[in-house]
Amino acid sequence: MIRLATVPEVRTLVAEWRRASLRVALVPTMGALHGGHLSLVREAKRRASRVAVSIFVNPLQFGPNEDLARYPRDLEGDVAKCSAAGADAVFHPEPAELYPPGFDTSVEVARLAKGLCGERRPGHFRGVATVVTKLLVLFSPDVAVFGRKDYQQLKIVERLALDLGLPTEIVGAPIVREPDGLAMSSRNAYLSPEERRGAPCLREGLLAARRLFAAGERDVEKLREAILIPLAANGARMDYVELRDRDTLLPERTARATTIALVAAFIGRTRLIDNEILGGEMRVG
Ligand code: AMP
């Protein structure tokens, strides 16, 4: 597996792949890789003959009071995991490589970035959209794979690729979970053992809403309440619980099979997110 730290190195490698008519996939990450990230690598391998993983803790997407400084980092471990998962290259730039002195350009997806995580984390999605655009322009991959765990992010990336006319197909991959249902996340490492025990409550609330929906409940408030019960029972502090249309992310008046329930909650100081489509296919693991 090839390690790349600079933009010219990426350009050279991608040009080589292109000359060989190889199909290229990109998996953008912030590292501290877990099974969720590695499932994206495997999905990328199914869709392309060369897979690059980017590992970059993007300072632009962290607010001033967020966890940029303490975000988990394990480059050598990540490189080994990428290699074992079959990636062909890892791109791990320093911030100055992507943000030259005087950097003054950003990408903003206007409506989709409002509400949900966009409202709680001002500037977050501008940072995400800017770095993802830079990576998509740099690699110009045939396909880029993102997780559905960060559902609003996935919708924003789909939108920007379409709006900017980028030649990359954006693929959303299923959420990978721990055996107890907790969505895998680099931030799970922040949880104390006691917090970790309560953390599946986001998923429990979402499953309760799915059961109610399957039993015929269509009232958005009743479905929200069902999600809130396990959160409260486990001492989680709700950040938001919302029901939106899965494509437009507009609020729903009445729940439908295509409604997505999205949750963000603090377990202690750790903010976790999860989501479920109410009438969606059930996935285990
Ligand atoms: P991050 O490193 O947190 O920026 O995540 C990088 C990519 O991995 C994003 O597209 C995430 O949505 C995806 N991802 C993170 N956790 C999971 C998970 N549990 N299942 C599937 N994809 C995930």
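1. By class, the shell around the ligand has nine nonpolar, six polar and two charged residues. Here Ala, Val, Leu, Ile, Met, Phe, Trp, Tyr, Cys and Pro count as nonpolar, Asp, Glu, Lys and Arg as charged, and the others, Gly among them, as polar. The shell comprises 17 residues, each with a heavy atom within 4 Å of the ligand.

2. This is a predicted model, in which local features need pLDDT of at least 70 and side-chain atom pairs count only at pLDDT 80 or more, while totals for chains, interfaces and linings use all residues. Residues are numbered from 1 along each chain as its sequence is written, and side-chain values use heavy atoms, with hydrogens and water left out.

3. Helix 2 (35-47) supplies at least two residues of the shell, as do strand 2 (24-29) and strand 5 (143-147); the largest share, three residues, comes from helix 2. Helices (H or I, at least four residues) and strands (E, at least two) are DSSP runs, numbered from the N terminus.

4. An oxygen atom of the ligand is 2.6 Å from an N or O atom in the side chain of aspartate 150. A ligand nitrogen atom is 2.8 Å from a polar backbone atom of valine 176; for methionine 184, a ligand nitrogen is 2.8 Å from a polar backbone atom. The protein buries 94% of the 480 Å² that the ligand exposes when taken alone (Shrake-Rupley method, 1.4 Å probe).

5. Elsewhere, three strands form an open antiparallel sheet in the order 7-8-9, where pairing requires at least two DSSP bridges. Its edge strands are strand 7 (237-245) and strand 9 (270-277).

Key: Polar contact = N/O pair within 3.5 Å; in protein donor to acceptor, adjacent residues only side chain to side chain.
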